[in-house]
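The following report considers the fold of one protein chain and the surroundings of a few of its residues. Please read it alongside the sequence and the model.

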Amino acid sequence: MSRIRSVFAVSLLVSIGFSTAAAAQEMISDTTARKQPLKTWGVQFEEFEYRYSDDDEELGVWNADAFYGTDDLKVRLLTTGEYEIAEQAYETLENQLVGQIPISTFFDAKAGVRFDTPEGPDRTYAVLGVAGLAPQWFEVDANLYVSKDGDTSTEIDAEYELLFTSYWILSATLDATVAFSEDEEIGVGKGLVSTETGLRLSYDLIDRAFSPYVGVVHERKYGDTADFAKAEGGGTEDWFAVIGARIVF
């Protein structure tokens, strides 16, 4: 009888062991929806604003981003533009479609295509870039562009937010573009092309989903790019008063 009990106990332990191993293997190989990376989507307007310059120029300006994907891979559609209200024409109109993956704790890499379709000649570029949070809490977005004709340029955007309270935030921005080759047809000279600096004071009216702001923006062209602008009868430097909102859906 004792021997029968021992055999039964061993059989029971072996059965439990196999069941546990099978359950563990099932958990490891579980590919149902509950085990898949969470997919997220959203739309945000980092800038959606009206600008009025010191020489009475009026612009509608936006910088928007729509995304879909997971933490491991996102597809992003980015669009920026400046619309001259009096002339009813796009001064700039840029769209990008990129894929983005994490490469470190604080930075993502991205690659894709960029389409420029303002009132002048269109341009198409390949895009390589990185975006993320640099030391001292600077948000950085750096991109390299290569056109189908081999013209190359780089653009660096940086932003720093100073929180006065949980609702009042002062944002300082710097956008700089450098061209490594000349494209006179669209008014771009070799070297430092342009900079845009801005200060915007916002108030988080609805969490971080709707934040109206006021501010000031300074734009300047340099070198051959400034010479091209003068030859076309345009200016090389502008100051703008700004009113707008950050919007997140």
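In which strand is Glu 159 found? Glu 159 is found in strand S8, which covers residues 152-163; helices (H or I, at least four residues) and strands (E, at least two) are DSSP runs, numbered from the N terminus. This is a predicted model, in which local features need pLDDT of at least 70 and side-chain atom pairs count only at pLDDT 80 or more, while totals for chains, interfaces and linings use all residues. Residues are numbered from 1 along each chain as its sequence is written, and side-chain values use heavy atoms, with hydrogens and water left out.

The protein chain holds two helices and twelve strands, and from the N terminus on its elements follow the order α-β-β-β-β-β-β-β-β-β-β-β-α-β. Of its 249 residues, 30% count as buried, where buried means under 20% relative accessible area, exposed over 50%, and partly exposed in between (1.4 Å probe, protein chains only). Among contacts (heavy atoms within 4.5 Å) between residues at least 6 apart in sequence, 43% join residues at least 24 apart.

| Residue | Strand | Relative accessible area |
|---|---|---|
| Glu 159 | S8 | 10% |
| Ala 64 | S2 | 7% |

The side chain of Glu 159 is joined to that of Arg 246 by a polar contact of 3.3 Å, a term for a pair of N or O atoms within 3.5 Å; within protein, one must be able to donate a hydrogen and the other to accept it, and residues adjacent in sequence count only if both atoms are side-chain atoms. Leaving aside neighbours within four places in sequence, Glu 159 is also in contact with other residues, including Glu 46, Trp 137 and Thr 173. With neighbours within four places likewise left aside, Ala 64 is in contact with Gln 44, Phe 45, Leu 77, Leu 78 and Thr 79. Ala 64 and Thr 80, 16 residues apart in sequence, lie 6.3 Å apart in space, C-alpha to C-alpha.
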